[in-house]
Each structure stands twice: as C-alpha cells, then as structure tokens.
Amino acid sequence: VLLVDLDLPLVGGIDVRRELRSRSESCDTPIIFLSDERLSQERLARCLDAGAHDYLIKPVDESELLTRVHVALRERMLRDAYRRLATEDPVTRLSNRRQTMHEIERAIELAAELAMPAQLLLCDVDHLADINKRFGYDLGDEVILTQSRLLRRLVSPDIKAGRIGGEEFILLMSGTTPEFAMSVAQSLQRTFSAIVFDAVTDPKHFSVSIGLTSYTGQPASFTVDQFLTQADLALAVAKSKERDRVVAYWQLDPHSLPRLDSPQRHARLGDRQRRPRSSISPVAESQIALPKVAKNHDAK
C-alpha cells in the first residue's frame, strides 16, 4: 500500500497514481491519498477516477491509518486471488489457456513494434492416453505435473509458461534468438526423458515431443493462430518421427507440410490425490539448467 500526498511540490498525487496505473508491475497497488483538508466532491471524484483506494486528512490518526491500510491489503489479496482463478490453470498453476493466448498476442505485438523476436515452444507428452490406460490416471497426472514443474523453473519476465490442453504446454520467450529457443527445447526434452517415474516399485521413463517456431516481427499481420499453427506443424512432424524429439518450423519443407486436424485441447480439471514426486537422475539434474546465453533467461 502506498501513502501519497495529494499536494506534492513538483507533481500532484493524482499524476503519480496515473503513472503507477500505466505500469503493469504497479497498476494494482492500492494508494491512500493524504490531504491537508477535506476533499470537495469534484476533487474526490478525480481521485477515485484515478484509482485511489482511500484518502485521509492530515494530521493522520495512527489507529485509523493502520485500519485503512489493513482493509486495503485485504482487498488487494482478494483481487489477487480472483486474478489467479481467472488466469491460472488449476492443476499445474501455470497460465491457463486464455491467459496464454493473451501472452502470445502481446509477444507478437512486441515483436512487431519493438523488434523483440518471439519464440514459441509447443510441448506435448508422448502417449499420455496409453500411460493413463496402462498405469492409471494418477501416474498420468504426475507426468503432467512433472512437465509443468520443469517449465515453471524457466519462467521469468521474458519467459512465460502455460497449459493449453490436457498434455500440451506452451513456453513463450520474448527477446531471444531461435538458437537459444532450440537449446532450451532440447534441454527440456532430454531432461524429461531422463526422469524416473515410480523409481522404487517399477521404474519407467516417458518422453515429450516439442514443436518450435519463431516470429521476428514480419509480417505485421501475423496472428496468434498462425503462430500456434506453425508450432503445431513442427510438433506433428516430431510426432511422426517416433516422438521424443524437437523439430523447428524453420527446418520444414514448406511444400510438404503435414495436414493438421483441428486440435482438441481440453484439460482434465479433476482433483486427484497428489503422488510422491518422481525421482530425477543425476544426468537429468545436470540437464535442467538452461544454457547461459543471457542473464535474463537463466533458469530460476
């Protein structure tokens, strides 16, 4: 919560609030204005319109200040909770499909306007239906959660991860190169295949296939659907080549692209009992870290 004097020497408190609202990292921060006098209806309306949470008259009573700060914090926590419900996948806690589509659209805009190339990885767990049938849905869920944990390690201000279907995940990178994206994809693919599931009772390995594509800002009319379609085509080729591999769209022959059926990505949202985490072999541990091409893109 920020306490801002309405009558600052060089800039008004309302101007400060408008500046904060224009920035994504501070747009939802509650602000309580401080004033030397009771506000007129007109000035109060301007404060509320600018996004003020509350206002107090100086000199401020300490107990009243603390009470209003606590109220502002509680309301902020509620807004954050509602935002998570609207934007997070309830199973993996990654961005949900709607939020992921919004992030892809924003990455395309940045690539076109600011020359910040965007790389898109579409990750798909191989043979998930067979895993569910042979070993049960609990193990299938653990496979999905394991993939989501690997992706979450990579999330940063420039790297977004989301779930767009049952076993399909997106990794979106802004301001990076295709070479960096390829190295990330290969690291993810190798790491996942090295993980041992049910290590104590019945050790088993599974794999993921990854389709990769890039957008540099041209053509300006490029859309989210086109971006996803390119990644889908690369993924389809990876699936057709025995899976457990990475294929980039720019590697494909444009005259012999596979035909895509309309993708059906419906996530299973049922709550299931959490299984113990899968064990990761020393080989996998060494492959989880991203190549250190740029500090902004190091794995967390």
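Trainee: How do you know that helix H6 (residues 137-152) has the span that a helix of 16 residues should have?

Mentor: The expected span of a helix is 1.5 Å times one less than its number of residues, which gives 22 Å for H6, and since its end C-alpha atoms are 22 Å apart, the two values agree. The model is a predicted one, in which local features need pLDDT of at least 70 and side-chain atom pairs count only at pLDDT 80 or more, whereas totals for chains, interfaces and linings use all residues. Residues are numbered from 1 along each chain as its sequence is written, and side-chain values rest on heavy atoms, with hydrogens and water left out.

Trainee: What makes a run of residues count as a helix or a strand?

Mentor: Both are DSSP runs numbered from the N terminus, helices being H or I with at least four residues and strands E with at least two; on that basis the protein has nine helices and ten strands.

Trainee: Why is Asn 96 called buried?

Mentor: Buried means under 20% relative accessible area, exposed means over 50%, and partly exposed lies in between, with a 1.4 Å probe and protein chains only; Asn 96 has 14%, and is therefore buried. Asn 96 is found in the loop between helix H3 (62-87) and helix H4 (97-114). Leaving aside neighbours within four places in sequence, Asn 96 is in contact (heavy atoms within 4.5 Å) with Ala 86, Thr 87, Glu 88, Asp 89 and Arg 163.

Trainee: And why is Val 1 called partly exposed?

Mentor: Val 1, found in the segment before strand S1 (2-5), has a relative accessible area of 35%, so Val 1 is partly exposed.

Trainee: What makes H6 a mostly covered helix?

Mentor: Of its 16 residues, 13 are buried, while for the 300 residues of the protein the buried share is 44%.

Trainee: What makes a set of residues a nonpolar core?

Mentor: The members are buried Ala, Val, Leu, Ile, Met, Phe, Trp, Tyr and Cys residues joined through side-chain atoms within 4.5 Å. In the largest such core, of 32 residues, those that touch the most other members include Leu 121, Leu 171 and Phe 192. Among the elements that each supply at least two residues of this core are strand S4 (118-125), H6 and helix H7 (178-194), and H7 gives the most, with seven residues. Apart from it lies another core, of 18 residues, among them Ala 111, Leu 120, Tyr 215 and Val 224.
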